[in-house]
Amino acid sequence: MSRKDRRAAAAGARRGAAGKPSGADWSTVMFAQAMRHHDLGEFLAAEANCRAVLARDPTHVGCLHLLGTLAQQTGRFEEAASCFRTLAKSRPDIALAHHDLGMALVALGRAEEAAAAFELALSTKPIDPKMPMPDEAKT
């Protein structure tokens with residue numbers, strides 16, 4: 001944790017009546033810190049922040065996606081698939097969740113399950129129309 005992060009955490013603790021920010025504010029701060037850690041390549045710190053948020057809110061969209069991405073980036077494909085599957089079940093309207101589940105399943109060699117996930121991704125209106133899709137899914 002950087003000096004700036006420690007100061008922000010200390011200031012946040014002083015603000016809360018019981019020393020704790022409200023749930024939504026805390027989750028927002030923790031997720032922002034997780035993203036910052038990820039961007040800096042501090043994967044363990046990013047993962048710790050995500051897990052802390054998910055302990056309070058098991059369907060936090062950002063943390064489920066980031067935790068799955070971290071797992072995928074570090075070769076933990078079963079864990080990545082689990083995160084993306086949870087995200088896809090809680091928010092079936094997010095095409096990227098289905099896409100990323102498909103990518104994790106491809107890495108695990110589970111082609112039929114991956115194809116089904118890609119089909120769901122293609123049938124869901126993407127939040128981002130520039131969402132990357134593997135070449136196999138485009139045909």
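Let's start with two neighbours in this predicted model: helix α6 (residues 95–107) and helix α7 (residues 111–123) have axes that come within 8 Å and cross at roughly 165°. An angle over 145 degrees counts as roughly antiparallel, so α6 and α7 are roughly antiparallel to each other. Their crossing is left-handed.

Who does the touching here? On the α6 side, the contact is made by Ala95, His98, His99, Leu101, Gly102, Met103, Leu105 and Val106, and α7 brings in Glu113, Ala114, Ala117, Phe118, Leu120 and Ala121. Sort these residues by class and you get ten nonpolar, three polar and one charged.

Now for another pair. Helix α3 (residues 43–56) packs against helix α4 (residues 61–73) at an angle of about 145°, and their axes are 9 Å apart. The crossing of α3 and α4 is left-handed.

| α3 with α4 | ten residues | one residue | two residues |

What about the rings? If you go looking for aromatic pairs, a search of the whole structure finds zero. There is something to spot at Trp26, though: the charged end of Arg56 sits over the Trp26 ring, 3.8 Å from its centre.

Definitions and conventions: Residues numbered from 1 in each chain as written. Predicted model: local features only at pLDDT ≥ 70, side-chain atom pairs only at ≥ 80, totals over all residues. Heavy atoms only, no water. Phe/Tyr/Trp six-rings, centres within 6.5 Å; stacked < 30°, edge-to-face > 60°. Lys NZ or Arg CZ within 6 Å of the ring centre and 35° of its normal. Axes fitted to C-alpha atoms, helices over the stretch in contact; angles between N-to-C directions. Helix = DSSP H or I, 4+ residues; strand = E, 2+ residues; numbered from the N terminus. Parallel < 35°, antiparallel > 145°, perpendicular 65-115°, else oblique. Left-handed = near helix turned anticlockwise from the far one by under 90°. Contact = heavy atoms within 4.5 Å. Nonpolar A, V, L, I, M, F, W, Y, C, P; charged D, E, K, R; others polar.
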